[in-house]
Amino acid sequence: MAQMPALIPKEVEIQRLKKIYLMVIMLGSIAASVEVDNFVDGSLHQTAIRDSAFTPAHWWLYSHFIALPLGWGFVAMYDRRVPVLRGPNNSMNTGLKITIIGYLATMFTIGINEMWHFWFVEEIFSVPNHWMFNMGVVVAFMGALAYVVRVYARLVELGAETPARNPYVAEMYKLALEGKLYSRSIP
């Protein structure tokens, strides 16, 4: 990565990156609770053949698909305060773009899902309208992973990661930063 002149003080940038990490952890926990709701919704479909968007299990599920793109949008707005994380031509970070697009796809799938079930009553999870839920979530996770790796790489660049007090662990940390952790036999 090319060296970029410091646009903000190092301590301020570290604090902003840590705030971004906290926001990402919060959004990750919300996304993990969607997985729990998939089981709740699946068990509901085993007992009730037809339900609607107003079923309590769907309230929980659909509220996630509205909260997640909005939450990642707030992360994108706060991300503008860290100049190094910007994307090509001073645009939004590519990982953030992919994440927001993935969750927006799931958000718009809610309407498509309800229209599908208006005409076709079956509740089979392999029908095409459910594919976009899955593809949107997978795309969003890939973008979020790319973004988190970029934030972590910048934290390591800034030296925010401090080695442990244990001298053995500190030595392992030093070797890892030099890229020699698993290559001791290579000169």
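Asn89 is exposed in this predicted model, because its relative accessibility is 81% and the cut-off for exposed is over 50%. You will find Asn89 in the loop between α2 and α3. Its backbone is worth a look too: phi of Asn89 is near 55°, a positive value in a residue other than glycine. Most residues other than glycine have a negative phi.

Now step along to Asn90, which also has its place in the loop between α2 and α3. Here phi is near 65°, again a positive value in a residue other than glycine. Asn90 counts as partly exposed, because its relative accessibility of 46% falls between the cut-offs of 20% and 50%.

Of its 187 residues, 36% count as buried.

Go back to helix α2 and look for Phe74, which lies in this helix. Is Phe74 buried or exposed? Phe74 is exposed, because its relative accessible area is 53%, and exposed means over 50%. On the surface, Phe74 forms a nonpolar patch with Ile66, Leu70 and Met77. Together these four residues of the patch have about 430 Å² of accessible area.

Another phenylalanine, Phe133, is found in helix α4. Phe133 counts as buried, because its relative accessibility is 10%, and buried means under 20%. Although Phe133 and Gly102 are 31 residues apart along the chain, their C-alpha atoms are separated by 9.0 Å.

Phe133 also leads us to the largest pocket. Rolling a probe the size of a water molecule over the atoms shows where empty space is left. In this model, about 420 Å³ of space lies in the largest pocket. Which residues of the lining lie nearest the centre of this pocket? They are Asn38, Leu61, Phe65, Phe133 and Asn134, out of 21 residues that line the largest pocket.

Several helices share in that lining. Helices α1 (10-47), α2 (56-79), α3 (94-119) and α4 (128-157) each supply at least two residues, and α1 gives the most, with six residues. Sorted by class, the lining of the largest pocket has eleven nonpolar, seven polar and three charged residues.

Conventions. Residues are numbered from 1 along each chain as its sequence is written. This is a predicted model: local features need pLDDT of at least 70, side-chain atom pairs count only at pLDDT 80 or more; totals for chains, interfaces and linings use all residues. Side-chain values use heavy atoms; hydrogens and water are left out. On a 1 Å grid over the protein atoms alone, a cavity is a set of points where a 1.4 Å probe fits but cannot get out, and a pocket is an open set with protein on both sides within 12 Å along at least five of seven lines; lining residues have an atom within 4 Å of a point. Grid points are joined across faces, edges and corners, and a volume is the space filled by probe spheres set on the points. Helices (H or I, at least four residues) and strands (E, at least two) are DSSP runs, numbered from the N terminus. Ala, Val, Leu, Ile, Met, Phe, Trp, Tyr, Cys and Pro count as nonpolar, Asp, Glu, Lys and Arg as charged, and the others, Gly among them, as polar. Patches are made of residues with over 30% relative accessible area and no salt bridge: like charges are joined within 9 Å, nonpolar side chains (Val, Leu, Ile, Met, Phe, Trp, Tyr) within 5 Å. Accessible areas come from the Shrake-Rupley method with a 1.4 Å probe; for residues, only the protein chains shown count as cover. A salt bridge is a side-chain nitrogen of Lys or Arg within 4 Å of a carboxyl oxygen of Asp or Glu. Buried means under 20% relative accessible area, exposed over 50%, partly exposed in between (1.4 Å probe, protein chains only).
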